[in-house]
Number of protein chains: 2
Amino acid sequence: MGQQPITFLRQVVALCMFPELMDSPSFPEDAKWRAQRILRGCGGQSIGSYSSSEGVQCIREDIAAYIEHRDHGVPANWDNIFLTTGASDGIMNILKLLVSGEGHNRTGVMIPIPQYPLYSAAITELGAVQINYYLDEDNCWALDVNELHRAYHAAKQHCQPRILCIINPGNPTGQVQSKKCIEDVLHFAYEENLFVMADEVYQDNVYAPDCQFHSFKKVLYEMGPEYFNSVELASFHSTSKGYTGECGFRGGFMEILNLDPEVKAQLVKLVSVRLCPPVAGQAAMDVIVNPPQPDEPSFTQFHKEKAAVLGALADKAKLTEQILNAVPGIKCNPVQGAMYAFPQIFIPPKAVEEAKALGMEPDMLYCLRLLEETGICVVPGSGFGQREGTYHFRMTILPSHEKLKVLLEKVRDFHIRFLKEYSDLQDPQCSVAA
Amino acid sequence: MGQQPITFLRQVVALCMFPELMDSPSFPEDAKWRAQRILRGCGGQSIGSYSSSEGVQCIREDIAAYIEHRDHGVPANWDNIFLTTGASDGIMNILKLLVSGEGHNRTGVMIPIPQYPLYSAAITELGAVQINYYLDEDNCWALDVNELHRAYHAAKQHCQPRILCIINPGNPTGQVQSKKCIEDVLHFAYEENLFVMADEVYQDNVYAPDCQFHSFKKVLYEMGPEYFNSVELASFHSTSKGYTGECGFRGGFMEILNLDPEVKAQLVKLVSVRLCPPVAGQAAMDVIVNPPQPDEPSFTQFHKEKAAVLGALADKAKLTEQILNAVPGIKCNPVQGAMYAFPQIFIPPKAVEEAKALGMEPDMLYCLRLLEETGICVVPGSGFGQREGTYHFRMTILPSHEKLKVLLEKVRDFHIRFLKEYSDLQDPQCSVAA
């Protein structure tokens, strides 16, 4: 999508990869120090060695320090940090660890709708029960704790709800949860003894000026020791998002809280079957949690590059919302964070009928038509889940400003043509059915 | 263990990581060409992008070309190649794909004993049935097809044997299978309609002058189209072994043969949940399958380094066998390939009794004592499986020649002390009970 890698991150990993570069004057000293420190933590001082299954110890320590800083002093213990092969790997392993039972005793996993499909796929793969709770589209995709209660009690009839998954900032919905909302969720988890999986991979992607990222852990801490010492929590982060976008590294980490020591031992056993996460991905994660400091030579460039990426994303979040909301029959919540817009689209009844006749979801028909007519590929809302009778698509805000503007204008023109084509001429309904 | 990385591999990956190095005169042109080619195959020409879930296409093509060359012209189709996160990931995914059923219908997985514990762990995790077939220690750990028949028919009483796992060259046993033996195994798989999983990660690690690596695929091809077009086969390779030893990259690939197209589509779906294997590991794999050619600038150094690693391993394989076999009460098969010796050790009945009183396997007692008294860490045979009443340990041959010699002498001295301590003075039995 044209987003450039952060120079410092690539320098550190290249130095780890080929330590002969330590002698090169074209690499800054702070990158060399980082790389030397990481390599000292590696077996035989080589990025090619297996690390311990939980990850390189000094990187786990750096992550713990990062979390303490992020959360304004809430203590973090490196022994609770596990490096992962991207966040997906951590999420999958925690689900594997917790899912059990048969019939009415099967583990129920509460997930938001719309959701990132990793969750539904993992739940299916592990034979757990998917429990949907719906985000409130009319309220900027907020999480309403009453909806959690509803979903929980309905599911209790046929399974054992045990895990509550949250994605904050949201994917595909782009909302940023308020502190109050997180408190409510954690209170609910505490009351119902649920394990909270907080997918916080977009923690650096917050654009709306009135929004702020609050980690589940920090909010839990502020609720007092009764909560902080009892609610089981796993939080996930990744090199693939934020301002780095280094997906191919498959880097990430999870922090676990309040796991029973015997369960934690099983987790260590489980991750050790796969030996270790890729060490280059671990090194990339280290750069993210331990970036150049003001007195270091790479500070200025690093922060310029970081600010450029995040500034452009914030611009594009706004642009996307503005252009889409000006289209009749499209309604788009503010893209407060993450990297996606998830607009609701009005699909005329005739198009819905046509799709059904084709054995296809109506938003799939819409997205296929969009692809065919414009070359633009977006993902139908039905892939993420949505309230019955509503239709959406997910698009990223990652293309460059210029491309994104052209893209959005093409979507607009397509949508208007689509409405026209399928609307009854006697009743040109163009507003979102909401 | 002191083994140095192959310079060319690290150069190519460092160039992919930090393409500004393309301008550096200290990197050879052939490394630059490789890196440019790999990057052209990556989204946005960046190693930080997700690749397709099966891997970067040009790397899959290079792997197919490598296999054709390795197998003297047996055709390989890049569409049957999947890059993996180390070989473990591929093995796990194939098992996931194939394991099903409950009770008597549970999938049975035939594994060698001794085995690499990934297999038993994966079988437990997936709820499959482990079917042990014993390698013939008296015959250099050869695989006897009669033993396969025995194990298969015994297991048929209580499960559905469906998968046959082979490790060749062997881990932990270090044997290299003969072509005749592989033919017998494939004939058996054909007769019983078994899916063959050929763990061939040590294909470059063959030391005994009278041994040669034969891929299961090539042997199958030579058995004729009736076999080649019907036996389902998956073969696994890795960046972690061979002469590269780049474990931390988590690189590897699998080649699948004769998978039903619908099953293959499910495999693609399964691997896509984890997005993609680490791209740096894919790049490392590319170097292994596409090394410098005679007319390229890095050829000489590459082959010098490769020959040095493999030559040293061959020396150490011999040294290990020789020193161990000179110890009374230790019997070690030739280390024909891979990276391990798996000697049988005589443990006196008094030590066996003491271990049992401690609730411990006798070889675990032995290995703990060895660790405590010498600082040498080897793995008890009971972790890999062994015939009832026999005891072994696994050790790698990876330390430098000098260190390995000292280590082996310490093992010898320890063993003699251990025998003395536990032997009945009236009956100083020092020969292996076999």
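1. Two residues are in contact when they have heavy atoms within 4.5 Å of each other. By that criterion, 41 residues of chain A are in contact with 41 residues of chain B. Of the interface residues of chain A, 100% are also interface residues in chain B, so the two copies meet through the same surface.

2. The model is predicted: local features need pLDDT of at least 70, side-chain atom pairs count only at pLDDT 80 or more, and totals for chains, interfaces and linings use all residues. Residues are numbered from 1 along each chain as its sequence is written, chains are lettered from A and ligands numbered from 1 in the order in which they are written, and side-chain values use heavy atoms, with hydrogens and water left out.

3. On confidence, pLDDT is the predictor's own score for each residue, from 0 to 100. Chain A averages 94, and 97% of the residues score at least 70. Over residues 430–434 of chain A the pLDDT is below 50, although this stretch has 14 contacts in the model beyond near neighbours in sequence. Where pLDDT is low, the predicted coordinates should not be read in detail.

4. On symmetry, chain A is superposed on chain B by a rotation of 180 degrees with 0.0 Å of shift along its axis, at an RMSD of 0.0 Å (least squares on the C-alpha atoms of residues with pLDDT of at least 70 in both copies). That is the relation of a two-fold axis. In chain A, the C-alpha nearest the axis belongs to A:Ala14, 2.5 Å from it.

5. The area buried between chain A and chain B is about 3300 Å², with carbon and sulfur atoms giving 61% (accessible area, 1.4 Å probe, that the two parts lose on being put together, summed over both). On the chain A side, A:Arg10, A:Met17 and A:Arg274 lose the most area to chain B, together 20% of what that side buries.

6. Four salt bridges are counted between chain A and chain B (a side-chain nitrogen of Lys or Arg within 4 Å of a carboxyl oxygen of Asp or Glu). One of them might be looked up in the model: B:Glu125 forms a salt bridge with A:Lys96, the closest N and O atoms being 2.7 Å apart.
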